[in-house]
Amino acid sequence: MKSYLTPILHDALKTLSLTLGIDAPTEITLEVPRNAEHGDLSTNAAMTLAKALKKNPRELAVNLVEILKSSVNSAVITDISIAGAGFINFTFAPSFYGMRLQDLLLEGENIGRNERGRGIKANVEYVSANPTGLLHVGHGRNAAIGDTLANILVWNGYDVTREYYFNNAGNQMNNLGRSVHTRYLQILDASVEFSEEDKGLYHGEYIKEIAQALADKHGAALKEASEENLTICRKAGEEWCFATIHATMKRMNIHHDVYFNEDSLYTDGKVKDTIERLREKGFVYEKDGATWLALSRMGMTDDRVIIKSSGEPTYRLPDIAYHHDKLARRKFDLVVDIFGADHIATIPDVMAAVEALGEEKSKVRVVIHQFVTLMKDGEQVKMSKRTGRSYTLDDLLEEFGEDVTRFFFLMRGVSTHLEFDLNLAEEQSEKNPVFYLQYAHARIASIMRTAEERGVQIAKTADTTLLLHPSEIELIKFVLRFPEIILRAAETLEPQVIAEYLREVAAAFHKFYHDCRILGEEESLMQARFALLRAAKTVLNNGLAVLGIKAPEKM
RNA sequence: GCGCCCGUGGCUUAAUGGAUAGAGCAAUGGAUUCCGGUUCCAUAGGUUGGGGGUUCGAGUCCCUCCGGGCGCACCA
């Protein structure tokens, strides 16, 4: 629709601007009005013009409509009217929707895909949990958002790398080794104490599991707290954690193309290289035995330490080196980071440094999601009733399955605090939005099955201009918007846009189903409705695929 | 104290600066011989936290105040 009208509108604006002796405005929008009574498409062109000319927008609208009416095909657009403050509303002939549906169906299984990102290398980094424990609920939101955004970019034609950044060195890993070793000693001798006060130790039950495996394998051979034995404990812990994380990810249908080890930034000399470059540009200095990053010379207030006086770098330095590496060496055109709200503080530093290193910081887009609160019976829940311990991502997957879990993480805007309603999640009924969507898909599949059982042939082509019932038109309108929704989701980096849209498609389908019969209708109309069903089914299937959720044939 | 996010009917929330703020849940009342009722329709419920400002037009942008969350290390 837009593609038909956009050039006509621009021509008309050009004509009008010429007679008025001004430049044609560029900032005009052509959009589907929220309220269907305002026609099928609407433009604010007259208002934008009026602003520049300081003239009455409705007056200009009259002139513009005159020009438009003469250049538009009246079989396609049946009405052009002026409304409100100066909106110009276009109404399309009902049969036009059938024609557009025909075009959409030509795309077959690929409805929604576009080439916007062709040739653009994108990197999406998400989850990125260090191997010191289990994934918690917050990681779940991070994983669902990151994986879905990667899917969205793929559907927009980008060349996408899914990346997991981790650190298996440093203090935290030594603490993991110590934790495992202490639990190991406890298994050998129950009188050994595990200090609850020691903040460095990991207290989770999983540590016992790792220690038990070591005890089974090595007996008492690791008793001495030697460097060597602690390393064995640490390695065992790391392996166990990664294996568990991988299993959880797999269950959520998530895979990463690249596992990027922070340590490689040191061994490959990238950290050193980064610091040298920054030093050359005068952004690094020494003070109190430490090395500082002069953020104050990059327009920020406080300088920060990047190498401690002990000689160890702070987390900031590898973060900067990592981002610089992605842009400068690995040549990504778009770098998307998915972070929880607790990581907010480091971002401005990294961005400033990346810019100081001469890279385009607009290539980095940081998605910060807020926290997840689990709610049950109107109260916040922290402990799982099932395990008696704090809720992990696995607990959610176990209780509600991967579809419900993923969808619940995606159905709210990224920047809002997410309330995960456990009562609603366990509901296997229409109240649960996941089932509402999946049921719509299953119901279409069911109609197709029934047709087959009754020996009804579904034709390859149909005259979709016969679809004139309001519920048919409504469903077509929604289905036609899918490509635009995929584009918008990529622009805004908001998976929720798709979740919300799919609910509307499902609702439009259910209403259509309620109002219009398919099987048993007169042949040509029945075939037209099959064509509409095919489009709706593809849209639901593809939309759910982007969200990483199954579209079942049966439920 | 400083920075970031959020505040929309009872609850959970939507709305590229556009028209009468849109849904779902809960409540109330209806629909259905049918292709899956896990569906559909209707009613009721709002000063978009308060106050200023910018704009032809503000839930959206700016300022300020209030409330909630998260950060603010030579921790990661």
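Predicted model: local features only at pLDDT ≥ 70, side-chain atom pairs only at ≥ 80, totals over all residues.
Trainee: How do I read a pocket?

Mentor: Start with the general idea. Rolling a probe the size of a water molecule over the atoms shows where empty space is left. Here, the second largest pocket holds about 1,200 Å³ of space.

Trainee: Which residues lie nearest the centre of the second largest pocket?

Mentor: Lys2, Glu31, Val32, Arg481 and Glu484, out of 38 lining residues. Elements giving two or more residues to that lining include helix 1 (2-20), strand 4 (87-92) and helix 16 (470-480). Helix 17 gives the most, with five residues.

Trainee: How many residues of that lining are nonpolar, polar and charged?

Mentor: The lining has 15 charged, twelve nonpolar and eleven polar residues.

Trainee: Now strands. What should I keep in mind?

Mentor: In a regular strand the side chains alternate between the two faces of the sheet. Then look at the partners. Strand 13 (residues 372-376) pairs with strand 15 (residues 418-421) in the parallel sense, over four bridges. Leu374 has Phe420 as its bridge partner there. With strand 14 (residues 379-381), strand 13 pairs in the antiparallel sense over three bridges. Met375 stands opposite Gln380.

Trainee: What links strand 13 and strand 14 in their hairpin?

Mentor: Two residues lie between the strands. Asp377 takes a positive phi near 50° in this hairpin.

Trainee: Is Thr405 buried or exposed?

Mentor: Buried, because its relative accessibility is 0% and the cut-off is under 20%. Thr405 lies in helix 13 (residues 393-410). Its side chain reaches the backbone oxygen of Leu396 at 3.5 Å. Among the residues Thr405 touches are Leu397, Phe400 and Phe420. Phe420 is also the bridge partner of Leu374.

Notes. Residues numbered from 1 in each chain as written. Chains lettered and ligands numbered in written order. Heavy atoms only, no water. Buried < 20%, exposed > 50% of the residue type's maximum accessible area, 1.4 Å probe, protein only. Polar contact = N/O pair within 3.5 Å; in protein donor to acceptor, adjacent residues only side chain to side chain. Contact = heavy atoms within 4.5 Å. 1 Å grid on protein atoms, 1.4 Å probe; cavity = no way out; pocket = protein on both sides within 12 Å on 5 of 7 lines; lining within 4 Å. Points joined across faces, edges and corners; volume = space filled by probe spheres on them. Nonpolar A, V, L, I, M, F, W, Y, C, P; charged D, E, K, R; others polar. Pairing = 2+ DSSP bridges. Lists of a residue's contacts leave out its neighbours within four places in sequence.
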